[in-house]
Amino acid sequence: MVVGVTVSFVFAAERRQLILEMVRANGAVSLRELARVVQTSEVTVRRDVRALEAEGLLDRRHGGAVLPGGFTRESGFPQKSHLATAEKTAIADLAASLVEEGEAIVVGAGTTTQELARRLARVPGLTVVTNSLLVAQALAHANRVEVVMTGGTLRGSNYALVGSGAEQSLQGLRVSKAFLSGSGLTAERGLSTSNMLSASVDRALVQAAAEVVVLADHTKLGTDTMFQTVPTDVITRLVTDDPPGHDDRAVTELQALADQGVQISVAGASGGGGTGGGGTGSDPVPARQSRREMPLPGPRRNQVHGSAPQLRSATVMGDQPSAGERERERAARVADLRRR
């Protein structure tokens with residue numbers, strides 16, 4: 001549970017002080033959680049966060065707020081586990097439906113991949129290679145799943161094995177799919193993380209897999225961090241949640257990723273349920289009906305050269321759309337993503 005104080009009513013200054021205290025106590029807090037604690041709307045909280053950022057007291061991140069300098073620092077597991085929990089649950093449900101009986105896969109470290117591991121416990125004949133102690137723990141009592149741990153040095157902040165030992169243990173390995181998460185995802189740079197050692201191991205995991213599946217909730221879309229782990233043209237599929245209708249940034253990033261050939265699987269509101277904080281490794285593999293695909297609109301960057309895929313929302317050079325036109329365009333793009 002995120003550390004916080006519940007109040008019935010506060011003035012703006014008191015509300016912002018509470019927000020600042022929550023961010024300092026947790027490292028990172030979502031706008032949804034901030035709004036719940038101070039009992040106001042996300043619109044008001046977003047305005048408060050902007051004001052606090054202008055004073056240099058915190059940094060805005062897509063869907064939340066972090067301590068200053070968030071581009072170069074990484075929140076620990078306790079902080080990350082409280083962010084976008086419902087979204088991570090829906091993503092894990094959908095990602096588990098991509099795994100077939102008897103497959104061999106690699107699963108990287110992260111709170112979302114931990115949720116995925118809890119749902120893989122009932123996939124018969126599955127072999128999971130991982131550098132995450134939390135993933136291994138989630139599968140420890142699954143008697144039909146074989147778990148293979150990498151070597152390496154334990155990184156306590158996310159309970160992952162990193163370093164040359166982890167990378168060397170992955171040499172010569174070949175599996176069908178790699179499931180990875182990270183700190184940010186953009187169409188320009190792909191998946192990224194704020195820790196160099198974690199990025200290096202994730203790259204080794206990618207090299208072992210025929211397909212790369214990225215698990216990222218909408219708060220990570222459009223966020224860029226220091227170390228690239230998976231370039232966009234290497235990502236086979238993105239599994240994400242349905243971004244809020246007002247979230248233009250996430251919708252735009254999804255469109256850009258699709259235009260570069262990434263298959264997009266969106267977990268709808270019915271795809272998850274719960275908060276994602278529980279689970280004992282015995283959750284059933286979910287049904288597939290929550291999956292919604294976006295088509296591949298054009299060739300990938302590493303394929304033969306040709307005409308570049310065009311964005312669905314293009315503005316003629318020199319024309320300045322009105323506010324009403326921009327709003328209609330945004331609504332159409334959101335509706336298009338949801339419909340697909």
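Predicted model: local features only at pLDDT ≥ 70, side-chain atom pairs only at ≥ 80, totals over all residues.
How many of the nine residues of helix α6 (residues 111–119) are buried? Residues are numbered from 1 along each chain as its sequence is written, and side-chain values use heavy atoms, with hydrogens and water left out.

Let us start with the whole chain. The protein chain holds 11 helices and 16 strands; helices (H or I, at least four residues) and strands (E, at least two) are DSSP runs, numbered from the N terminus. Of its 340 residues, 51% are buried, where buried means under 20% relative accessible area, exposed means over 50%, and partly exposed lies in between (1.4 Å probe, protein chains only). The chain exposes about 15,400 Å², and carbon and sulfur atoms supply 52% of that area; accessible areas come from the Shrake-Rupley method with a 1.4 Å probe, and for residues only the protein chains shown count as cover. If you take the contacts (heavy atoms within 4.5 Å) between residues at least 6 apart in sequence, 70% of them join residues at least 24 apart.

Now back to the opening question. Helix α6 is mostly covered, with nine of its nine residues buried. The buried residues of α6 include Thr111, Thr112 and Thr113 at one end of the list and Arg118 and Arg119 at the other, with Gln114, Glu115, Leu116 and Ala117 also buried.

Next, please find the open sheet of three strands, ordered β1-β3-β2 with antiparallel pairing. Because β1 (28–30) and β2 (59–61) stand at the edges, each with a single partner strand, one side of each is left without a neighbour in the sheet. From one strand to the next, the twist averages 25°. Strand β1 is joined to β3 (residues 64–66) by three bridges; two strands count as paired if DSSP finds at least two bridges between them. Helix α2 (residues 31–38) lies across β1 and β3, running at about 80° to β1. Axes here are lines fitted to C-alpha atoms, for helices over the stretch in contact, and angles run from 0 to 180 degrees between N-to-C directions.

Glutamine 39 is partly exposed, with a relative accessible area of 45%. Tyrosine 159 also has a phi near 55°, again positive in a residue other than glycine. Look for tyrosine 159 in the loop between β7 (153–155) and β8 (160–162); it is partly exposed, with a relative accessible area of 35%.

Our last stop is strand β14 (residues 237–241), where five of its five residues are buried. Both faces of β14 are covered, with Arg237, Val239 and Asp241 on one side and Leu238 and Thr240 on the other. Strand β12 (residues 209–215) runs parallel to β14 and is joined to it by three bridges, with valine 214 opposite leucine 238. Strand β14 also pairs with β15 (residues 263–267) in the parallel sense, over five bridges. There, valine 239 stands opposite serine 265 in β15.
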